[in-house]
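Subject: Structure for you to look at

Hello,

Here is the structure I said I would pass on. My notes on it follow below the entry.

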Amino acid sequence: MTAIAFERSFRAPGHVLVRELSGESVLLNLESETYFGLDEVGTRMWALLTTAPSVQEAFEALCRDYDVEPETLRRDLEALIARLLEKGLLEAGAV
């Protein structure tokens, strides 16, 4: 897996539909018809990734929100970003 630059920002592409229900989300790539489910923690990660000015700021907010070792959170966040990019459900923004 390629390391994710934490100074980078990400956003939802225009062809991605997001629906949240009871704290969980479903992301749908309208171009490929690929969908991806997120639990409550994944939904929080998604919300921060697509609104924070950088991955680092999203990471810091998640560290405050959850009682988790920073390195574990970093790995989980990088893995989620990689999977969402692979499925066309997330795209890079500004550096």
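I begin with Gly23, which sits in the loop between E2 and E3. This is a predicted model, so please read everything here with that in mind. Gly23 is partly exposed, and its relative accessible area is 23%. Apart from its neighbours within four places in sequence, Gly23 is in contact with Asp39, Glu40 and Thr43. Gly23 and Leu77 are 54 residues apart along the chain, and 18 Å separates their C-alpha atoms.

Ser22 belongs to the loop between strand E2 (16-21) and strand E3 (24-29). Ser22 is not a glycine, yet its phi is positive, at about 55°. With a relative accessible area of 70%, Ser22 is exposed.

Glu33 also has a positive phi, near 60°, in a residue other than glycine. Its place is the loop between E3 and E4. Is Glu33 buried or exposed? Glu33 counts as exposed, at 65% relative accessibility.

Arg75 is part of helix H3 and counts as partly exposed, at 48% relative accessibility. In sequence Arg75 and Glu33 are 42 residues apart, and in space their C-alpha atoms are 27 Å apart.

The overall layout

The protein has three helices and five strands. Along the sequence they follow the pattern β-β-β-β-α-α-α-β. The radius of gyration is 13 Å, close to the 12 Å that the globule rule gives for 95 residues, so the protein is as compact as a globular protein of that length. Taken along the principal axes, the C-alpha atoms fill a box of roughly 35 × 30 × 25 Å.

Of the contacts with a separation of 6 or more, 58% are accounted for by residues 24 or more positions apart. Buried residues make up 35% of the 95 residues. The accessible surface comes to about 5,700 Å², and carbon and sulfur atoms hold 49% of that surface.

The core

In soluble globular proteins, nonpolar side chains tend to be buried together. Here the largest nonpolar core has 24 residues. Which of them touch the most other members? They are Leu27, Val55, Leu77, Ile81 and Leu84. At least two residues of this core come from each of strand E4 (34-38), helix H1 (40-49), helix H2 (55-65) and helix H3 (70-86).

Not counting residues up to four places away in sequence, Val55 touches Ile4, Ala5, Phe6, Arg8, Phe10, Leu49, Leu77 and Ile81.

Ser9 is found in the segment before strand E1 (10-11). At 12% relative accessibility, Ser9 counts as buried, because the cut-off for buried is under 20%. Ser9 and Ala52 are 43 residues apart in sequence, while their C-alpha atoms are 7.1 Å apart in space.

Tyr66 lies in the loop between H2 and H3. Its relative accessible area is 27%, which makes Tyr66 partly exposed. What does Tyr66 touch, leaving out residues up to four places away in sequence? Its contacts are Glu40, Val41 and Arg44. For one of these, Val41, the separation from Tyr66 is 25 residues in sequence and 9.1 Å in space, C-alpha to C-alpha.

Glu40 therefore turns up in two of the contact lists in this message, because a contact is counted when heavy atoms lie within 4.5 Å: that of Gly23 and that of Tyr66.

Best wishes

Note on methods
Residues are numbered from 1 along each chain as its sequence is written. This is a predicted model: local features need pLDDT of at least 70, side-chain atom pairs count only at pLDDT 80 or more; totals for chains, interfaces and linings use all residues. Side-chain values use heavy atoms; hydrogens and water are left out. A nonpolar core is a set of buried Ala, Val, Leu, Ile, Met, Phe, Trp, Tyr and Cys residues joined through side-chain atoms within 4.5 Å. Buried means under 20% relative accessible area, exposed over 50%, partly exposed in between (1.4 Å probe, protein chains only). Helices (H or I, at least four residues) and strands (E, at least two) are DSSP runs, numbered from the N terminus. The radius of gyration is taken over C-alpha atoms; the globule rule is 2.2 Å times the number of residues to the power 0.38. Accessible areas come from the Shrake-Rupley method with a 1.4 Å probe; for residues, only the protein chains shown count as cover.
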